[in-house]
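Subject: Handover of a structure model

Dear colleague,

Please find below the structure that I am handing over to you. My notes on what was found in it follow directly after.

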Amino acid sequence: MVNLASYLSIAAILFCLGLFGVLTKRNAVIVLLSIELMLNAVNLNLVAFSKYGLFPGLDGQVFTLFSLTVAAAEASVGLAILIALFRNRGTAEVNEMDLMKR
Amino acid sequence: MDWTLIAFFVLAMVAIGGALYMLNLYKVVHMVVALAFTFFGLAGIYVLLEAEFIAFAQIMVYSGAITILMIYGIMMTRHDAEDIPIRRPVHTLFAVAGVGGLFVFLLYGIMTTPWQTPADKPLAENNVKELGLALFNKYVIPFELAAMMLLAALVGAVVLARREVED
């Protein structure tokens, strides 16, 4: 019998690893993937509360489906922006995207 | 020792191990493959939580679509990219401190909250059917809005990534 706290701990670990990836990685594709990892941790929280919350039901799973949709849209648009940026500026590294600092 | 506990530990190890490998590998393509393992492990955990439809949607959308999309992204930018770690110790120190602080805060909240355990009964007799009924009755307006958003994202991605024609 696995309780709610262990699912929430897994989600917290994954969220923190994703946040660390966002903060330290240089390749923009990997930064996008780390954001997906953080969204996945949130999805795990929603599904866990949907089963072990105070009012068990399917609402959390429906929320997860919508969050999945938003994540897919975000990944596609983010990648399109990345490709346009690579074509115009010739770089895919986040520390070289510093046009607004100059 | 029942089987859900063993399955939970194995799947959690796969998920966290994939994320750790993602942070520590050098080649960008290897990182994407490591994260695909994380997505598979999370799909297994969803099956443990009686969310079978979410689990298969996770495998299709994340392990299938998003991983392959990111590999396409790597191919279209720099296909032999290596992610050399940032040589800025202060930056990394701040990142470690902030993320560690957040993690300790979250874990403290999880461990000290008195969670009430509900009765251990199955959520729904027929998960996929109940989910479909909820999605198309109670949540039909958000469903249509999500469809509109996907269409907007599709058109937006095509417009953004299109090569501009010189005229």
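**Findings**

B:Val96 has its place in helix 4 of chain B. B:Val96 and B:Val47 are 49 residues apart along the chain, and their C-alpha atoms are separated by 33 Å. Please bear in mind throughout that this is a predicted model.

**Chain B as a whole**

Chain B contains 6 helices and 0 strands. Read from the N terminus, its elements follow the order α-α-α-α-α-α. Of its 167 residues, 21% count as buried. Among the contacts in chain B with a separation of 6 or more, 54% are accounted for by residues 24 or more positions apart.

**Helix 1 of chain B**

Helix 1 of chain B covers residues 3-24, and its 22 residues should span 32 Å at 1.5 Å a residue; the end C-alpha atoms are 31 Å apart, which agrees.

Which residues of this helix are buried? They are B:Leu11, B:Ala12, B:Ala15, B:Gly18, B:Ala19, B:Met22 and B:Leu23. Seen down the axis of helix 1 of chain B, the buried residues fall within an arc of 145 degrees, so they line one face of the helix.

The face turned away from the buried side of helix 1 of chain B carries the exposed residues B:Trp3, B:Ile6, B:Phe9, B:Val10, B:Met13 and B:Asn24. The buried residues of the helix, for their part, pack against helix 1 (4-24) and helix 2 (28-52) of chain A, together with helix 2 (28-48) of chain B.

**Helix 2 of chain B and the residue B:Glu50**

The 21 residues of helix 2 of chain B should span 30 Å at 1.5 Å a residue, and the end C-alpha atoms are 31 Å apart, which agrees. Just after this helix, B:Glu50 takes a positive phi of about 60 degrees, although B:Glu50 is not a glycine. B:Glu50 sits in the loop between helix 2 and helix 3 of chain B. How many C-beta neighbours does B:Glu50 have inside 10 Å? There are 18, and B:Glu50 therefore counts as partly exposed.

**Where the two chains meet**

The contact between the chains takes 67 residues from chain B and 55 residues from chain A. On the side of chain B that touches chain A, the elements giving two or more residues are helix 1, helix 2, helix 3 (52-76), helix 4 (89-112), helix 5 (127-137) and helix 6 (140-161) of chain B. The largest share of that side, 11 residues, comes from helix 3 of chain B.

**The largest nonpolar core**

The largest nonpolar core has 61 residues, and those with the most contacts inside it are A:Ala11, A:Leu14, A:Val29, A:Leu44, B:Ile45 and B:Tyr46. The elements that give two or more residues to this core are helix 1, helix 2 and helix 3 (59-89) of chain A, together with helix 1, helix 2 and helix 3 of chain B. Helix 2 of chain A gives the most to this core, with 13 residues.

What does A:Ala11 touch, leaving aside its neighbours within four places in sequence? A:Ala11 is in contact with A:Ala41, A:Leu44 and A:Asn45.

**Chain A: annotation and one further residue**

An unreviewed UniProt entry gives the annotation "transmembrane region" to residues 6-23, 30-50 and 62-86 of chain A. In the model, residues 30-50 of chain A are 100% helix and 0% strand, with the end C-alpha atoms 30 Å apart. Residues 62-86 of chain A are likewise 100% helix and 0% strand, and the end C-alpha atoms of that span lie 36 Å apart.

A:Ser67 has its place in helix 3 of chain A. With 15 other C-beta atoms within 10 Å, A:Ser67 is partly exposed. Not counting residues up to four places away in sequence, A:Ser67 touches A:Leu39, A:Val42 and A:Asn43. A:Ser67 and A:Leu8 are 59 residues apart in sequence and 18 Å apart in space, C-alpha to C-alpha.

With kind regards

How values were computed
Residues are numbered from 1 along each chain as its sequence is written. Chains are lettered from A and ligands numbered from 1 in the order in which they are written. This is a predicted model: local features need pLDDT of at least 70, side-chain atom pairs count only at pLDDT 80 or more; totals for chains, interfaces and linings use all residues. Helices (H or I, at least four residues) and strands (E, at least two) are DSSP runs, numbered from the N terminus. The expected span of a helix is 1.5 Å times one less than its number of residues. A residue is buried if 20 or more other C-beta atoms lie within 10 Å of its own, exposed if 12 or fewer, and partly exposed in between; C-beta atoms are placed from the backbone. The arc is that of the directions from the helix axis to the C-beta atoms. Two residues are in contact if their C-beta atoms, placed from the backbone, lie within 7 Å. A nonpolar core is a set of buried Ala, Val, Leu, Ile, Met, Phe, Trp, Tyr and Cys residues joined through C-beta atoms within 7 Å. UniProt positions are given in the numbering used here, feature names are shortened, and annotations may be inferred rather than shown by experiment.
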